Amino acid sequence: MRRARPSFAILCGITLSAGRLGAQQPGSVEIGVYGQITRVNPEQARFESGTPLSLGIRGRVNLHRGIGVEMEASTGAVDGVNAPLRRRYNQLVARATYTRPVSDFSALIIGAGLARSDYEITYNFGANALLGIRTLIRGRYVLRSDAIFNYLPTSGATEFALRTGVQVGLGPFDGPTSRDRRSGNLTVQEAGTVEGGAFVQQLQLNDKWNLRNGNAFGTRVGAFITSRSQFEVDATYRRLAVRVGGAAGSTGGVLPAGATFRQTTFAFRYNHNVPIGSRLAVFAGVGPVRSSYEYIDHWGASGIVGARVALSRDLQLRADVVGNYLPRPSAVDWGVRVGGSALVRLGR
């Protein structure tokens with residue numbers, strides 16, 4: 001009896017799945033969830049739980065066959081040493097990764113980036129390193145298992161975590177890319193293009209914060225998934241003086257005259273760009289934002305509208321108007337920013 005051969009369709013399916021796993025397409029996106037167990041030093045972290053359990057979400061943009069950028073956020077409950085006795089333990093990480101196929105169905109991932117973990121001291125920033133493996137489940141679904149290490153110099157804490165979860169791939173998205181290439185507009189990008197830049201900002205704060213307005217400095221990094229569609233993160237920093245000494249701030253506590261507080265924002269948005277003419281594009285975006293006042297974090301929604309002017313294919317000027325709504329205590333901050341951006345086309 002002649003041995004049955006695998007069908008051509010099955011072979012094609014395996015080949016295509018392996019290709020998607022080993023060599024991600026520029027401009028494609030992955031989203032997923034994971035469970036995590038973390039080993040921390042309770043004395044450094046200032047809570048009783050030495051191995052907290054967390055649940056997390058992750059988003060990733062593939063810029064090249066082996067290069068990607070990703071953000072992830074996880075949260076879990078821990079027992080505190082002091083009040084409050086029950087609190088949240090949160091991690092926020094942004095990193096770049098390199099993927100190396102090791103078989104038709106698996107790939108090794110190495111990555112490095114920036115981490116933030118929340119203990120009693122809110123601002124615990126540091127370095128992140130990752131070693132992981134991707135294993136094909138079926139179609140666009142993969143199993144992702146990682147080991148991560150964080151060093152947080154603010155508190156001297158170190159974190160070691162193991163996690164596993166499922167991710168699904170979306171795209172690549174062509175959208176108007178082909179038509180925009182033919183238009184010749186210099187703001188048009190290839191899928192997988194990275195934008196990095198800096199800006200100055202004048203943000204008008206709501207009176208509820210009881211802090212003076214002032215200039216802020218910020219940075220942003222974005223990744224295009226089509227010629228018009230972009231995911232972007234930005235962060236701002238400044239120190240602000242108390243507006244009315246002896247009056248309450250956003251937390252209800254009385255703020256002393258002459259004191260200053262660090263005020264920061266961190267926003268993640270989807271931006272849509274519309275090219276006009278040969279060097280101009282207008283855009284609008286929306287997404288979540290975390291604003292910090294008096295060392296207390298407030299989460300809300302952020303919107304942005306603006307214009308970009310191409311000085312060359314690789315350099316652009318940007319002017320934006322941004323608004324942040326924080327539902328607790330129902331405050332709106334808004335402002336104007338101006339800056340520049342450099343573009344690197346990894347997708348090619």
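**Entry 1: charged pairs**

I began with E72, whose side chain forms a salt bridge with R95, the closest N and O atoms being 2.8 Å apart. E72 lies in strand 3 (residues 67-79) and R95 in strand 4 (residues 86-101), so the pair ties together parts of the chain that are 23 residues apart in sequence. I looked up the accessibility of the two residues and found both E72 and R95 buried. I note here that this is a predicted model, and I read every distance below with that in mind.

Next I turned to D146, which meets R58 in a salt bridge at 2.8 Å, N to O. This pair links distant parts of the chain, with R58 in strand 2 (residues 53-62) and D146 in strand 7 (residues 141-152), 88 residues apart. Both R58 and D146 are buried.

D146 also has a salt bridge with R163, for which I noted 3.5 Å, N to O. Since R163 lies in strand 8 (residues 157-170) and D146 in strand 7, the pair ties together parts that are 17 residues apart in sequence. R163 is buried, as is D146.

Which residues are linked with these in a network of salt bridges? I listed E30, R58, R60, E70, E72, R95, R134, R144, D146 and R163. For the structure the count comes to 22 salt bridges.

**Entry 2: charges over rings**

I came back to R163, because its charged end, with CZ within 6 Å of the ring centre, meets the distance cut-off for a charge over a ring. The ring in question is that of Y34, and the charged end of R163 sits over it, 4.4 Å from the centre. I found R308 lying over the face of F283, at 5.5 Å from the ring centre.

**Entry 3: aromatic pairs**

I then looked for ring pairs and found that the structure holds 3 aromatic pairs. One of them is formed by F231 and F268, which are stacked, with 6.0 Å centre to centre and 5 degrees between the planes. The pair links distant parts of the chain, F231 being in strand 11 (residues 229-241) and F268 in strand 14, 37 residues apart. Buried or partly exposed, I asked of F231? F231 counts as partly exposed, because its relative accessibility is 24%, and F268 is also partly exposed, with a relative accessible area of 32%. Ring pairs link F231, F268 and Y270 into a cluster.

**Entry 4: a nonpolar patch**

On the surface I recorded a nonpolar patch formed by V274, I276, L280, V282, V309, L311, L315 and L317, which together have about 610 Å² of accessible area. Strand 14 (260-276), strand 15 (280-293) and strand 17 (315-326) each supply at least two residues of this patch. I checked I276, which lies in strand 14, and found that I276 counts as partly exposed, at 41% relative accessibility.

**Entry 5: G339 and the whole chain**

G339 has its place in strand 18 (residues 331-345), and at 11% relative accessibility G339 counts as buried. Leaving out residues up to four places away in sequence, I found G339 touching A198, F199, R220, Q316, L317 and R318. G339 and F199 are 140 residues apart in sequence, yet 3.9 Å apart in space, C-alpha to C-alpha.

For the protein as a whole I noted 3 helices and 18 strands, with buried residues making up 46% of the 348 residues. Among contacts between residues at least 6 apart in sequence, 59% join residues at least 24 apart. The accessible surface comes to about 16,600 Å², and 65% of it belongs to carbon and sulfur atoms.

Key: Residues are numbered from 1 along each chain as its sequence is written. This is a predicted model: local features need pLDDT of at least 70, side-chain atom pairs count only at pLDDT 80 or more; totals for chains, interfaces and linings use all residues. Side-chain values use heavy atoms; hydrogens and water are left out. Patches are made of residues with over 30% relative accessible area and no salt bridge: like charges are joined within 9 Å, nonpolar side chains (Val, Leu, Ile, Met, Phe, Trp, Tyr) within 5 Å. Accessible areas come from the Shrake-Rupley method with a 1.4 Å probe; for residues, only the protein chains shown count as cover. A salt bridge is a side-chain nitrogen of Lys or Arg within 4 Å of a carboxyl oxygen of Asp or Glu. Helices (H or I, at least four residues) and strands (E, at least two) are DSSP runs, numbered from the N terminus. Buried means under 20% relative accessible area, exposed over 50%, partly exposed in between (1.4 Å probe, protein chains only). Contact means heavy atoms within 4.5 Å. Rings of Phe, Tyr and Trp (its six-membered ring) pair if their centres lie within 6.5 Å; planes under 30 degrees apart count as stacked, over 60 as edge-to-face and the rest as tilted. A charge sits over a ring if NZ of Lys or CZ of Arg is within 6 Å of the ring centre and within 35 degrees of the ring normal.
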